[in-house]
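Have a look, and then we'll talk it through.

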Amino acid sequence: MLTIENLHATVADKPILKGLSLRINAGEIHAIMGPNGAGKSTLSYVLGGRPGYEVTDGSATFDGADLLDMEPHERAAAGLFLGFQYPVEIPGVSNVQFLREALNAQRRARGEEPLSGGEFLKVAREKAALLKMDMDMLKRPVNVGFSGGEKKRNEMVQMGIIDPKLAILDETDSGLDIDALRTVGDGINSIMRRPDKAVLLITHYQRLLDYVQPDFVHVLAAGRIVKSGGPELARELEAHGYAEIAA
Amino acid sequence: MVTTLPSRRDEAWRYSDIDAVAAAWPLPAPESIIVPAGGKFARALVQDAGEIRQIELVLGKGAAAALHVLNIGGAYGRIELAVTLHEGADFHLGAAQIGGGEQNLEIITTVTHAEPAATSRQVVRSVLGGTATGTYLGKVAVARDAQQTDSAQDVKAMLLNRSATANAKPELEIYADDVKCAHGCAIGELDEQALYYLQSRGIPPGEAKKLMLQAFVAGVFDGAEDAEKLQALALAKLGELV
């Protein structure tokens with residue numbers, strides 16, 4: 001589904017990713033772990049097409065198409081979802097309006113019929129319930145006045161409504177209390193654990209991986225993947241720290 | 001009322017397109033609206049042809065008036081309000097001016113609290129692209145015995161291009177000593193992070209900008225009788241700019 005080869009990227013002319021390669025097939029859940037400054041968030045933003053993140057070499061292919069050649073909204077329509085580490089507050093724009101526009105823009109781009117208001121609300125209600133989020137919060141402006149945990153939960157509700165093929169979740173576990181972590185973990189499993197979908201989890205800690213079992217774990221250090229393995233690698237990292245493993 | 005052709009030296013015309021003013025000169029007499037004591041008045045004004053509109057509004061004791069203004073049309077569009085408030089009167093202005101290309105749009109207000117206990121609220125939002133100029137000059141004048149005056153000016157402008165210009169000058173002239181006169185002004189650009197966030201969810205760049213600008217302008221038409229029509233006109237104009 002996603003093939004990254006020898007990816008090099010810079011932020012403000014500073015090289016961050018230095019030859020990263022990764023292959024994710026449909027039906028797989030991958031976790032990328034690594035110390036601060038390793039390039040984890042940069043990887044997610046490069047794949048999401050955020051301005052300011054410049055690819056200097058290498059390629060990323062998503063379902064056979066050149067991902068790096070697409071605009072951010074085209075990547076979304078192609079089935080890529082980026083869960084933000086710091087979801088953005090947008091005063092004045094309600095969650096419901098935002099998500100309906102987003103979903104219908106994607107559907108139009110794919111040549112599908114847009115959903116009516118009623119159809120959309122039905123989906124939204126279902127996903128909000130799945131993530132145990134109050135419908136009232138969906139009517140409020142996007143993330144405005146939400147706690148850190150509520151913002152992350154809102155990201156997962158968005159993911160449920162948009163129903164992507166590939167989700168890249170950047171530290172979705174940070175800022176969550178234990179109950180919210182379980183809810184979010186269950187949400188990821190029920191929305192994304194399908195034979196035709198894939199997930200790339202970016203995280204510092206083992207704890208999210210207790211709820212969302214990865215098939216593969218990779219260690220990212222200094223802009224490259226230095227070690228790959230199964231779920232046991234995450235536990236090793238937790239026990240021994242990055243310094244030893246990444247060395 | 002101005003009888004001779006103004007020049008840029010006059011503060012009220014400083015940012016104006018003087019050539020356009022000269023072409024429209026002499027101006028017809030200002031429209032005069034008098035709301036009697038206890039009366040109510042509401043008007044929505046859409047300036048979409050490029051003209052200079054001058055309105056003198058007098059509110060009698062306890063009268064209330066709400067003006068909603070959408071200033072969007074023509075190379076030069078100016079809306080000038082002179083409002084006089086008598087005791088306990090209430091004036092509300094909700095205005096949006098949206099311009100692109102080389103448009104020069106202005107909203108000039110003078111709100112005089114002539115007697116005690118009147119309230120005035122002005123909310124003005126400007127969205128400017130290209131090399132357009134949007135100006136708000138708003139003076140609140142409080143007479144010596146107009147105690148318990150309560151006035152507020154809330155002015156914000158959004159620049160879509162660095163080549164656009166926004167001028168904002170809320171101005172207070174207060175002779176009474178027991179008044180509340182709030183004024184705030186901000187000029188900014190669309191938040192890049194928010195734009196990217198919207199796009200990352202599949203909304204094309206133009207639509208993302210439109211959505212944010214709609215949110216920026218939303219609210220100024222609250223309470224207008226034909227709020228929906230004004231919103232729709234504003235949205236259509238925003239669509240031309242992004």
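What follows is a short chat about this predicted model.

User: Which element of chain B gives the most to the side that touches chain A?
Analyst: The contact takes 17 residues from chain B and 21 residues from chain A. On the chain B side, the elements giving two or more residues are α2 (192-200) and α3 (205-217) of chain B. With seven residues, the one that gives the most is α2(B).

User: And by class, how many residues on the side of chain B that touches chain A are nonpolar?
Analyst: That side has four polar and two charged residues. The nonpolar count there is eleven.

User: Are α6(A) and α7(A) roughly parallel or roughly antiparallel?
Analyst: Two packed helices are described by the angle between their axes and the distance between the axes. Here the axes of α6 (residues 148-162) and α7 (residues 178-192) of chain A come within 10 Å and cross at roughly 10°. Angles under 35 degrees count as roughly parallel. So α6(A) and α7(A) are roughly parallel.

User: Which residues of α7(A) make the contact with α6(A)?
Analyst: From α6(A) come A:G149, A:K152, A:R153, A:M156, A:M159 and A:G160. The residues of this contact divide into six nonpolar, four polar and two charged. On the α7(A) side, they are A:A180, A:T183, A:V184, A:G187, A:I188 and A:I191.

User: How far does helix α3 of chain A reach from its first C-alpha to its last?
Analyst: Helix α3(A) covers residues 95-109, so at 1.5 Å a residue you'd expect 21 Å for its 15 residues. Its reach is close to that expected value, at 21 Å.

User: Which residue just after α3(A) takes a positive phi?
Analyst: Within α3(A), the buried residues include A:F98, A:L99 and A:L103. Just after the helix, a phi of about 75° belongs to A:G111.

User: Which strands stand at the edges of the open sheet in chain A?
Analyst: Four strands form this sheet in the order β2-β1-β4-β5, with antiparallel pairing. An edge strand has a single partner, so one side of it is left without a neighbour in the sheet. The edge strands are β2 (14-24) and β5 (65-66) of chain A.

User: Which residue in the turn between β11(A) and β12(A) has a positive phi?
Analyst: Five bridges join the antiparallel strands β11 (residues 216-221) and β12 (residues 224-229) of chain A. They form a hairpin with two residues between them. The turn residue with a phi of about 50° is A:A222.

Note on methods: Residues numbered from 1 in each chain as written. Chains lettered and ligands numbered in written order. Predicted model: local features only at pLDDT ≥ 70, side-chain atom pairs only at ≥ 80, totals over all residues. Contact = placed C-beta atoms within 7 Å. Nonpolar A, V, L, I, M, F, W, Y, C, P; charged D, E, K, R; others polar. Axes fitted to C-alpha atoms, helices over the stretch in contact; angles between N-to-C directions. Parallel < 35°, antiparallel > 145°, perpendicular 65-115°, else oblique. Buried ≥ 20, exposed ≤ 12 C-beta atoms within 10 Å, placed from the backbone. Pairing = 2+ DSSP bridges.
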